[in-house]
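This report describes selected features of the structure shown below.

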Amino acid sequence: MTSKKPALVEALTLGVIQTTLDYEAAWNASSGEPKISATEDSRAWHEIRRAMRALADHDDQPRIILLPELALPRTRLDDFERLVCSMNTLAIVGVDYRLDHRTKSAKNEGLVLVPKNFWKRKPSRYAARVWFGKRDPAPAEASGFNEYVPPWSFRADPNVYVFDAGPYGQIGVSICYDFMDIERALLYRGRVHHLFVIAYNRDVKLFESLAVSLSRTVFCNVVICNTGYYGGSLVVSPYWDAFKRIGYSVDGGEIFTAQCVQLPVRDLDAAIHGCDTSPKATYKHLPPGFTASIDHTAAPPEGPSPVIVPLFTPA
Amino acid sequence: MDVPEAEMPERTRLAFAATRLARVAEARLAAPETIATRHGGPRQSRTTESDATNRNGTATLLDPFAGLTGINDSQIHARLSGIADRVFSLVRRVLHERPDRVRLWTHALSIARRLGATGLNLLFDDIDRYARDPVNRLAASYIRGNSYAVLAAETVRAAQLLVNTNAAGWRRAAALRSLRDIASFTNRGMPDADRWFVQKSLDQLCVGMYCATVLLEQSPSSSHLFRERLSQAFVDRGHELLASGNMPPNLRVALAWWGCKFDLSKPVRRASDLIIHLGTLVEGLPESDDLWTFFPADAPIAPLERIASATGATQAKRDGWWFDALMGRYDRPDIQQVAALLPAANRIQTSLSGSEAANLLPLPVWAEKIWGSNDPGISKEWRLGEWTCLEIVRQAALLLSSTAQTLDQEYLQRASRNDTGTRYHCAHPLNFALPSHLIDTTAASWHEWKQKLREPGNGVLRRVPLRHQIFDRRYAPLVVSEIGSAQNPIRGLGLCLFALLSRSFLLPVQWNGPGHESMLRHLPQLLRDEITYSSATLGILEACLQPRAAENVLANLFQTWNPKFDDDTEHDPVSLIDAADLARVISIAQTELEANQISTFNQQSRQITPVNLMHLTDVDWKHYFEMGPA
């Protein structure tokens with residue numbers, strides 16, 4: 001396929017939001033369906049709006065925003081779409097279960113929102129929606145569904161998705177427990193620049209070590225956007241220097257934060273294609289047997305970098 | 001603020017201000033927690049919240065508003081409804097000064113429903129006061145009639161919102177307040193209707209009340225929220241209008257249609273509970289056949305029998321409709337009796353129920369077997385994954401293209417004969433068949449599965465014998481012309497692909513009636529809301545289903561005649577000339593998928609779905625599919 005690739009940007013500004021949804025309070029077996037409760041719904045929506053406002057106030061507005069697994073109630077989908085369009089950023093967010101009342105099955109999904117004029121950098125009114133699902137439920141999640149009367153079941157999405165975000169690089173996604181799926185990691189190897197993990201994960205340290213190791217074996221930026229209820233959101237890049245590797249990390253539970261972080265794109269792409277060689281290597285060596293399946297773009301270093309248009313121009 | 005009269009007349013200004021104000025109030029209602037913090041109320045701590053949810057059953061019974069919005073503070077709710085009421089009384093004040101603004105009378109009712117304002121009684125008192133001036137008598141009747149009709153629709157919408165668990169809590173709370181207000185209005189007793197058109201709107205209001213009651217009754221989880229009932233007199237009158245034999249049949253069906261339209265604003269595949277309920281009330285009337293035509297999969301026996309035994313033009317080219325009607329229930333004896341009435345239906349009945357031992361199964365039966373195999377793991381899913389769906393449609397396209405004609409003398413003769421009786425090879429899924437052994441056969445890897453599907457040579461897909469083939473207007477092209485007939489099967493093939501990907505051979509019900517061609521444009525989006533497929537497949541679906549894509553084939557001819565051609569088709573889907581062209585484009589999409597497949601242990605084959613986010617908004621499909629300007 002001959003398709004002209006846009007030059008990659010130097011760095012991608014990412015907005016990582018941790019909301020403090022309480023699983024116990026939000027999904028209650030007594031309600032008869034795995035649907036976020038009204039109290040947690042309004043609380044979550046309040047936090048999401050506060051976080052989005054905080055990110056919009058940044059000088060360097062994020063181009064992609066992440067929300068943890070199950071963070072967005074389905075009742076607020078349209079409102080959130082409007083919010084994302086007004087900021088004109090991509091959003092990759094975890095959404096509350098999609099319920100099928102006929103078969104009593106629930107799907108755990110994430111959503112990618114692409115504002116219609118995002119690439120033209122003009123304000124948009126509508127956004128294109130792309131859904132991606134979770135393949136394997138966490139054991140606690142699966143047994144939680146059985147507590148409902150009548151019991152609900154988990155519906156898996158067998159596919160693995162790679163989103164091509166043009167100048168921002170190739171993006172792999174996984175929802176929480178799928179992060180442990182070694183075949184998924186194999187599929188992503190050499191195909192992505194970034195791996196975004198949206199999670200509701202209690203064992204924070206496990207995900208931290210996974211992120212550190214996968215960032216070297218898959219060779220990409222790994223971003224974990226975990227729920228603020230447990231904390232532990234993390235950004236890891238496969239830098240040579242140990243002190244640079246962890247770009248951002250939150251420790252401690254019940255913390256609500258929204259933070260902008262920079263992810264390397266162009267240099268990393270060069271490293272993936274084996275152009276980052278010693279002695280002055282910025283990145284770790286490529287793992288054995290690594291082959292890049294991303295089209296080599298050979299981006300000119302002085303390539304036209306996208307202009308940052310701030311939401312509010314100072315008067 | 002003073003705006004010169006010449007810029008904006010005062011009455012427009014007032015109406016404009018009122019509607020703007022309603023927007024602002026809506027924003028306030030949507031953010032109730034800002035009120036709590038602004039007035040120094042203590043921020044709710046988690047403990048009280050979890051208490052409230054633990055006692056979920058009782059807490060919501062005590063205060064439905066707390067259950068809907070999750071805010072357990074009656075003071076805040078009082079303040080919110082105060083905001084709504086203030087806006088509504090302001091609108092009433094404008095109407096008091098400027099009663100000639102009919103649009104604003106209409107807006108007032110929708111504002112009341114959206115914000116959940118109370119004061120309908122006062123609004124209708126205003127109309128009465130207005131009517132006291134003899135000059136205004138006719139105008140007042142007009143406004144009253146208009147208001148009843150608007151209120152009828154708003155009642156149904158409020159009930160829809162209240163039972164919709166995916167609507168935001170504050171919207172449902174507003175709908176509940178508004179329904180309570182409507183109940184108190186109806187409980188004043190049935191108003192008199194002084195003119196025929198007021199009576200007509202009043203009847204509509206009664207039907208609206210009936211629909212709202214049905215909606216609330218059908219949703220037991222929401223009905224306890226609204227315990228005060230809408231006035232029984234209104235509901236009974238609504239039921240009478242729909243179900244009584246004394247009413248003119250046309251009116252009954254028209255009112256049933258009016259109620260159905262509320263559930264048809266978005267593309268849906270099956271009739272909703274409300275539509276089935278309303279339709280069943282009129283199913284005995286032959287006039288209801290047109291209504292049931294839209295819902296083949298849900299039509300009861302009586303209309304099916306009438307449609308089957310009807311003769312004439314309505315029956316023509318409707319074989320595929322019977323496929324929709326029979327698909328899910330061909331094994332029921334009563335349905336079998338109906339199917340026996342009509343040769344076309346009978347034919348479909350036999351091919352659907354066909355002997356289990358048959359070597360070849362029709363595509364829908366084959367696909368349903370895989371979807372319904374209820375695989376505990378996920379090891380079989382990929383058998384009808386995106387790649388396989390594309391492969392089936394590619395083989396179908398190749399089958400149909402082999403019969404394509406070349407532009408020679410014979411072709412021109414046939415084209416000029418204008419023979420309308422010609423039967424095209426219609427790309428209905430039932431016209432294709434696949435070997436049954438593929439359903440359970442083991443394939444250790446993607447490679448093996450591909451070989452099995454593509455053997456020998458052309459592939460496994462076959463066309464069913466001509467006597468079993470059916471014709472379906474919906475799968476046929478919009479413009480039937482002999483010129484360029486090679487283009488004809490493309491749309492049908494696109495619909496087949498849509499059906500395979502979305503795992504249902506039912507098309508949106510709106511598509512079942514004539515004159516709803518614009519429906520096609522929404523299919524790729526509809527599909528995207530259900531599952532995710534690669535962006536290349538999106539391009540193929542658009543090329544098959546967008547009317548513009550087919551028109552561009554002719555429009556591009558102009559380009560060859562006129563050098564100063566201004567190309568406005570840059571962002572249009574690729575134009576496909578014939579089925580072979582479609583097969584070529586599909587193989588491009590398949591190549592991309594194949595580069596992203598791996599086979600792993602335990603015969604698990606896995607697929608990466610590549611989605612280009614830039615292709616979702618604006619894309620140069622021609623470049624992608626290597627077309628170049630024609």
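## Two loop serines in chain B

Helices are DSSP runs of H or I with at least four residues, and they are numbered from the N terminus. In this predicted model, B:Ser518 occupies the loop that connects helix 25 (489-502) and helix 26 of chain B. B:Ser518 has a relative accessible area of 43% and is therefore partly exposed, since that class lies between the limits of under 20% for buried and over 50% for exposed. Its C-alpha is 42 Å from that of B:Ala66, a residue 452 positions away in sequence.

B:Ser534 belongs to the loop between helix 26 (523-530) and helix 27 (535-545) of chain B. With a relative accessible area of 2%, B:Ser534 is buried. Which residues does B:Ser534 touch, leaving aside those up to four places away in sequence? They are B:Glu386, B:Leu593, B:Thr609, B:Pro610 and B:Val611. With B:Glu386, the side chain of B:Ser534 makes a polar contact of 2.7 Å. B:Val611 is 77 residues from B:Ser534 in sequence, yet their C-alpha atoms are 4.9 Å apart.

## Chain B as a whole

Chain B contains 31 helices and 5 strands. Its residues number 630, and 52% of them count as buried. The accessible surface of chain B amounts to about 28,400 Å², with 54% of this area belonging to carbon and sulfur atoms.

Contacts in chain B between residues at least 6 apart in sequence were also examined: 73% of them join residues at least 24 apart.

## Aromatic pairs

Across all chains of the structure, 26 aromatic pairs are found. One of them is the stacked pair of B:Phe124 and B:Phe185, with 4.5 Å from centre to centre and 20° between the planes. B:Phe124 is in helix 8 (residues 120-131) and B:Phe185 in helix 10 (residues 169-186) of chain B, so this pair ties together parts that are 61 residues apart in sequence. B:Phe124 counts as buried because its relative accessibility is 4%; B:Phe185 counts as buried because its relative accessibility is 4%.

The pair formed by B:Trp258 and B:Phe262 is edge-to-face, because the planes of the rings stand at 85°, with the centres 5.1 Å apart. B:Trp258 is buried at 12% relative accessibility, and B:Phe262 is buried at 8%.

In chain A, ring pairs connect A:Tyr23, A:Trp27, A:Tyr97, A:Phe145, A:Phe154, A:Tyr200, A:Tyr229 and A:Tyr230 into a cluster.

## Lysines over rings

B:Phe262 also takes part in a contact with a charge: the charged end of B:Lys261 sits over its ring, 5.3 Å from the centre. Elsewhere in chain B, B:Lys450 lies over the face of B:Trp387, at 5.6 Å from the ring centre.

## Confidence in chain A

What is the average pLDDT of chain A? The average is 87, and 92% of the residues score at least 70. Residues 298-315 of chain A have a pLDDT below 50. Beyond near neighbours in sequence, this stretch has 17 contacts in the model.

How values were computed. Residues are numbered from 1 along each chain as its sequence is written. Chains are lettered from A and ligands numbered from 1 in the order in which they are written. This is a predicted model: local features need pLDDT of at least 70, side-chain atom pairs count only at pLDDT 80 or more; totals for chains, interfaces and linings use all residues. Side-chain values use heavy atoms; hydrogens and water are left out. Buried means under 20% relative accessible area, exposed over 50%, partly exposed in between (1.4 Å probe, protein chains only). Contact means heavy atoms within 4.5 Å. Accessible areas come from the Shrake-Rupley method with a 1.4 Å probe; for residues, only the protein chains shown count as cover. Rings of Phe, Tyr and Trp (its six-membered ring) pair if their centres lie within 6.5 Å; planes under 30 degrees apart count as stacked, over 60 as edge-to-face and the rest as tilted. A charge sits over a ring if NZ of Lys or CZ of Arg is within 6 Å of the ring centre and within 35 degrees of the ring normal. A polar contact is a pair of N or O atoms within 3.5 Å; within protein, one must be able to donate a hydrogen and the other to accept it, and residues adjacent in sequence count only if both atoms are side-chain atoms. pLDDT is the predictor's confidence in each residue, from 0 to 100.
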